[in-house]
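Hi,

Here is the structure I promised to send over.

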Amino acid sequence: MSLDTPPQQGDRFSQAELQQLQLEQQKTLLSVVTQIRASLDLNTILQAAVAEVWHFFALDRVSVLQIPCLNPAKDWNAGQFVAEEVTGGLNSVLAVDPSVRSLSQFVWAQHHPEQIQRVQLQAIADINTANLSAADLQTLNHFQVKASLTAPLMQGDRLWGILCLHQCIAPRQWQASEIESVQQIAAHLTTAIHQAELLLHQRNLNSKYLDTEAGMHTLFTATIARLQAEVCDRQQAEAALRQSEATHRALLNAIPDLMIRMTRMGIYLDFIPAKNFVTFKAQMEWQNKSVYETLPPDLAQLRMDHVEKALQTCETQVYEHQICINGKVQIEEVRIVVSDEDEVLVIVRDISDRKRAENKLKESQEFLQLIINNIPQWIYWKDRNSVYLGCNRNLARAVGLEKSEDIIGKTDYDFPIPKEQADHFRESDADLIETGTSALHVIETMFLADGSQIWIDSSKIPLHDAAGNVVGILGSYDDITERQQAEEALRQSETQLRQQALDLEKTLQELKQTQTQLIQSEKMSSLGQLVAGVAHEINNPVSFIYGNIAHAKEYIHNLLALLSLYRKHYPNPNLEIQVKAEAIDLGFLVEDLPKLLNSMRVGADRIEKIIASLRVFSHTDQLETKAIDIHEGIDSTLMILQNRLKAQHNRQTIQVIRDYGNLPLVECYAGQINQVFMNILSNSIDALEEYLIQIADGFCNAAQTQRLKSFKPLIRISTRMFNPDWIRIQIADNGLGMTEAVQKRLFDPFFTTKPVGKGTGMGLSISYQIVTERHGGTLKCNSFPEQGAEFVIEIPVQQR
């Protein structure tokens with residue numbers, strides 16, 4: 001039979017179960033001792049001993065190591081195993097490889113040869129925590145030993161051998177009752193070995209001295225001594241047995257359970273009533289009665305079935321039944337333990353209170369599980385090693401389990417999820433266990449058993465015991481995939497709306513610019529049409545005048561020549577002619593009239609040039625590109641601005657220096673390009689006028705005043721080809737210049753540094769759009785305060 005670990009003290013039935021186990025142990029121990037003492041043959045004794053102990057303690061291996069008797073302190077490493085009982089599948093010590101170092105160290109690994117004379121019983125619950133050497137551990141591991149209990153077999157002061165009990169499946173905590181039983185077994189085994197050796201020695205003496213009288217006498221004397229010693233040993237054993245039986249009886253009387261010793265046929269042989277419940281009224285009333293006379297038929301048959309099974313298997317049978325006592329249902333736990341070949345010990349315990357408590361606990365647990373199962377979140381709890389102890393139904397379904405309890409004992413690595421995810425969960429659990437700090441509302445992704453990926457809101461809190469130690473983790477997952485998707489959709493929608501707002505704002509800005517540009521273009525177009533119309537209307541009379549001046553000059557020249565002939569041939573005109581000649585100052589008239597005609601011709605030429613400039617500037621065909629002479633456009637713009645370039649009452653003339661390069665005809669929107677020239681030149685003139693105003697108002701310091709006194713307003717216009725397909729136009733002035741901050745906003749719509757009413761802030765913005773967008777060129781400004789400004793226009797020779 002196997003010895004279970006005694007119940008913990010917190011169990012309400014621990015004392016009764018302990019007494020019951022001790023009773024079973026003592027009875028079985030008696031059977032073991034009986035088997036050991038049943039023979040006087042040494043090999044039979046040893047084999048019976050290891051077999052009974054192996055069965056009694058439910059061990060993996062029991063063996064006996066015999067130590068040579070010549071010089072134990074020197075030759076104990078030469079010991080050999082002489083008997084063994086081992087569970088199938090484990091290495092046998094009887095078939096040990098001689099190359100394995102020191103068989104004695106295999107059993108007494110923690111001792112050294114010089115300690116052999118003072119060997120005592122040794123219990124090792126776990127070899128890995130017993131402070132053994134590496135060589136000793138290697139030898140023990142060869143025989144799969146996890147726990148060891150060894151007892152010396154002494155013959156007087158000599159160590160005859162060692163009884164070895166090994167647990168190979170797992171470590172074993174040896175109980176005090178087990179150690180006491182081993183000591184008793186070792187004592188009886190020592191006596192049996194002594195008797196067997198005496199018998200062997202007697203036989204040797206018989207064979208040696210049988211044919212001599214002296215030998216016979218010696219044999220008789222030795223036999224009497226051995227018999228006396230044996231009688232003494234038996235008397236000591238019987239006294240110990242009586243003491244043991246008295247102890248057992250006291251233990252039996254202290255057990256509160258109903259105990260019945262009965263035969264295989266169901267006849268009660270002995271009876272000890274229960275202390276705390278009623279089944280039988282008195283012991284003598286049911287002595288030698290049958291189980292069928294004391295129990296209902298169904299319960300009697302159930303008990304006999306378990307009795308037969310216990311006798312056949314030699315294993316304790318445990319079952320429960322309900323019986324009605326005085327109108328009250330009583331739940332009993334029945335244990336049937338084999339005590340002899342055809343006898344059993346029946347132990348009955350009233351477990352009604354425990355069952356009711358268990359049922360209440362079960363109902364409470366089921367109700368708690370019901371509550372947890374109806375929580376929409378996924379709930380789970382783990383121990384400190386990240387092993388699942390339970391979960392609710394929602395989590396079980398998510399990880400592919402049929403029932404919540406199926407998760408018990410599993411880890412994250414047991415689920416069909418990526419290893420990286422399981423590693424992440426394990427690491428976060430370890431951090432929480434180490435720090436004892438909760439991890440709340442962690443947003444992350446998680447793979448489910450079906451391979452799909454979701455977003456979860458994860459929370460974990462540590463579970464503490466009464467001492468404040470972290471013993472586990474309570475966690476929850478909340479599937480927020482739909483919320484996350486909605487938030488992502490909302491973010492995308494907000495991004496789109498924000499982009500649409502920006503696009504709308506940009507479009508509105510472009511519309512404003514376009515509107516302003518259209519207004520300006522319309523103004524320029526209207527101005528161009530007006531200028532073109534005025535030029536056309538003026539051109540006709542001017543052409544008439546210009547065309548007749550030559551004829552008038554010729555006619556007057558002929559008349560003056562004729563008058564000269566009259567004065568030559570008629571030097572003395574009549575009085576009336578003389579009076580009229582004096583009245584009209586004929587001499588001055590003859591001298592001044594040619595000059596007057598020349599002056600009229602110069603004026604007509606001037607008017608004709610102005611009309612030509614107006615025609616060049618107007619360019620009413622501005623909706624289409626046209627190859628034009630850039631220099632003509634610049635000159636026509638300067639012609640129109642001539643009045644602003646002339647000296648005024650408060651300033652001197654603005655000098656214009658033309659530095660024209662050799663440019664080809666440039667394909668462009670002529671009217672728009674002339675508008676750019678007009679805006680830039682007007683800004684340059686404004687900057688120069690403002691600079692000259694500062695001189696007059698005295699706003700400058702002494703150094704600036706001195707500089708302004710020698711200041712000569714100047715505009716320089718340069719044109720160049722800077723590669724075969726592009727031209728560059730530079731318009732620079734030596735005016736005020738501008739700061740870097742002003743330059744950054746120079747081409748922004750509605751930005752102006754001019755006083756209110758003097759500028760709209762659209763001229764340069766429209767110019768920038770005309771150059772960059774309409775002509776694919778660039779427009780930039782280079783300027784520093786008090787160093788003037790230079791506008792650089794670059795456009796391609798041909799539009800694409």
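Start with Arg 335: its relative accessible area is 22%, which makes the residue partly exposed (buried is under 20%, exposed over 50%, partly exposed in between, with a 1.4 Å probe and protein chains only). Arg 335 pairs with Glu 333 in a salt bridge, with 3.7 Å between the closest N and O atoms. By salt bridge I mean a side-chain nitrogen of Lys or Arg within 4 Å of a carboxyl oxygen of Asp or Glu. Glu 333 is buried, at 10% relative accessible area.

Before you read on: this is a predicted model, where local features need pLDDT of at least 70 and side-chain atom pairs count only at pLDDT 80 or more, while totals for chains, interfaces and linings use all residues. Numbering runs from 1 along each chain as its sequence is written, and side-chain values use heavy atoms, leaving out hydrogens and water.

Next, Asp 412 and Lys 382 form a salt bridge at 2.9 Å, N to O. Both Asp 412 and Lys 382 are buried. There is also a network: Glu 320, Glu 333, Arg 335, Arg 354, Lys 355 and Glu 358 are joined by salt bridges that share partners.

Then there's Asp 342 with Arg 264, another salt bridge, whose closest N and O atoms are 2.9 Å apart. Asp 342 is partly exposed at 38% relative accessibility, and Arg 264 is partly exposed too, at 26%.

The overall count is 22 salt bridges.

Cheers
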